[in-house]
Amino acid sequence: GGAWEGRMSDCDTFDGRFGSLMRGSAAIERLWTGGRWTEGPVYVPAAKAVIWSDIPEDRVMRYDETSGAVSVFEHPCGYHNGHTLDAYGRVVACEHGGRRISRLGFDGRWETIVDRFDGKRLNSPNDVAVKSDGSIWFTDPSYGIDSDYEGHTAKSEIGACNVYRHNPQTGETTAVVTSLDRPNGLAFSPDERILYVSNTSLSETPAIHAFRVAEDGRTVGGGRVFALSDNGVFDGFRIDRAGNIWTSSGDGVRVYAADGTLLGRINIPESVSNLCFGGRKRNRLYITATSSLYAVYVHANPAERPMASLGNASQPGNW
Ligand code: MG
């Protein structure tokens, strides 16, 4: 367990809109500590649990929301990083070690979704988002092959760090963003017309970029800088129903309005890597920060995505 606890006084308000997103009395709790570098949280409603990665330890951790217990979910696991859910509620994972996107099937087995582009092995998938049409979008920087610390040292076969779109029905994978040095976190706006991607390259100012999703929903264009960081990088982020971006940063969780205004910051005593909405009402923000898992109840919920029905044999959406 983790004894540290903060309150609303540990938040900084930069815009009046921030007040309506936070609960004045809500504690910022440290639920667990003891990790080496925590990342990639996802809330799994059917399990009433959050799972997240502790990348250097090559393990996935699990927080049981009903009992508060924390346990090891998978070890070794192929150095997981980011996680999300597909339209069936299955966990989709980025694996540094496996250099693939994998999915946890209903039978409990991890299966490969995609591990190559153009016949070459991926670098080390970092973060992933599933669009409502079922396509899987992911970033592929080199952090998992740069050293043995978060994966296995290897040379990049592709020679670039791109963002990809994978169509699991046809098996087709296309590069959708090739202009960022180290693409990392990614998420869609609630209407899926904007794709946000962070760049965590240290050779330029860390930023979140916004790309316009094309009418066919399969390609993007018109990249622009959405936000620049003056403290650490925007590693991973999630977007609420109103379109606000809740992002990691070096000094806590920053909340940006869709118009780019920095609304406020939830100060966390460790460098934040990523976050997700969870809880029965999806109004609890789970935060992975260096060695720990934190949580705070907020007045915000994630954008709802249509869930596929298992009773319907056809796949969701238009591929
Ligand atoms: Mg990341």
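## A four-stranded sheet

Four strands form an open sheet in the order β18-β19-β20-β21, and their pairing is antiparallel. The model is predicted. Two strands sit at the edges: β18, residues 183-188, and β21, residues 220-228. Each of these edge strands pairs on one side only. On average, neighbouring strands of this sheet are turned by 25° against each other, direction ignored.

## Where β20 meets β21

How many bridges join strand β20 to β21? There are six. Strand β20 covers residues 207-213, and the two strands run antiparallel.

## Aromatic pairs

A search of the whole structure turns up 10 aromatic pairs. One joins tyrosine 43 and tyrosine 286. Their ring centres are 6.5 Å apart and their planes meet at 10°, so the pair is stacked. The cut-off for stacking is planes under 30 degrees apart.

This pair links distant parts of the chain. Tyrosine 43 belongs to strand β4, residues 38-44, while tyrosine 286 belongs to strand β27, residues 284-289. The two tyrosines are 243 residues apart.

Are these tyrosines buried or exposed? Tyrosine 43 has 6% relative accessibility and counts as buried. Tyrosine 286 has 0% and also counts as buried. Buried means under 20% relative accessible area.

## An aromatic cluster

Which residues form one aromatic cluster? They are Tyr196, Phe226, Phe234 and Tyr256.

Terms used: Residues numbered from 1 in each chain as written. Predicted model: local features only at pLDDT ≥ 70, side-chain atom pairs only at ≥ 80, totals over all residues. Heavy atoms only, no water. Pairing = 2+ DSSP bridges. Axes fitted to C-alpha atoms, helices over the stretch in contact; angles between N-to-C directions. Phe/Tyr/Trp six-rings, centres within 6.5 Å; stacked < 30°, edge-to-face > 60°. Buried < 20%, exposed > 50% of the residue type's maximum accessible area, 1.4 Å probe, protein only.
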